[in-house]
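Here's a quick briefing to read alongside the structure. Take a look at it, then work through the points below.

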Amino acid sequence: QEVRAYNDQRVIPVLKEERAQLEKKISRKDRELLASLRTQMKSGHLYGGPAAGKAKNSRAMKDQKADLAKLSKKYKKDIDKIFAGLEPEVNEWNKDLKAIRQKYARDLKAQPKNPRAPQPTQMGNQWLNPERFLLMEPAL
């Protein structure tokens, strides 16, 4: 999809560079915790996962989400500073992504709607979430 390609080519590389700058400010212990959380996320255990054993792991998932929230709070000032510095790029990305979504909006109107799903022209950039930003792999 065009939105995904745009994010892969224009948004994610910039965010990964900024994430690498933040990496220098994160303590070794916190980097290890983030690496562990990333691994769990990739295996599907941080934000849900296989239904089997889900109840058994629910406490662990809550703890992992709490750890991530603590890290997000701890580095909030640094993350906010990065996001503030990216404001011109974010405005450009949002404008471009809105144009891409509107290009396909007519096709999507013909499809049945899920009332709980955000409409294509209303979706924001999910990467500008402090917790997701922390979980992002920094550029090397």
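Let's start with a bend: helix H1 has a kink of about 40°, centred on Asp8. Keep in mind that this is a predicted model, with an average pLDDT of 82 for the protein.

**Helix H1**
- H1 covers residues 2-23, which makes 22 residues.
- From first C-alpha to last, H1 reaches 30 Å, close to the 32 Å expected at 1.5 Å a residue.
- Quite a list of H1 residues is buried, including Val3, Tyr6, Asn7, Val11, Ile12 and Leu15.
- Further along H1, Arg19, Ala20, Leu22 and Glu23 are among the buried ones too.
- A handy rule here: an α-helix has 3.6 residues a turn, so residues three or four places apart point the same way.

**The aromatic pair**
- Search the whole structure and you'll find one aromatic pair.
- The pair is edge-to-face, because the ring planes of Phe83 and Phe133 sit at 70°, with the ring centres 5.2 Å apart.
- Phe83 belongs to helix H4 and Phe133 to helix H6 (residues 130-135), so the pair ties together parts 50 residues apart in sequence.
- Are these two buried or exposed? Phe83 counts as buried at 16% relative accessibility, and Phe133 is buried at 0%.

- 76% of the residues score a pLDDT of at least 70.
- Confidence is highest in helix H4 (residues 76-85), at a mean of 95, and lowest in helix H3 (residues 54-74), at 83.
- Over residues 119-123, pLDDT stays under 50, and the model has eight contacts beyond four places in sequence for them.

Conventions:
Residues numbered from 1 in each chain as written. Predicted model: local features only at pLDDT ≥ 70, side-chain atom pairs only at ≥ 80, totals over all residues. Heavy atoms only, no water. pLDDT = per-residue confidence, 0-100. Helix = DSSP H or I, 4+ residues; strand = E, 2+ residues; numbered from the N terminus. Contact = heavy atoms within 4.5 Å. Phe/Tyr/Trp six-rings, centres within 6.5 Å; stacked < 30°, edge-to-face > 60°. Buried < 20%, exposed > 50% of the residue type's maximum accessible area, 1.4 Å probe, protein only. Expected span 1.5 Å × (residues − 1). Bend = angle between axes of the 7 residues up to and from the residue.
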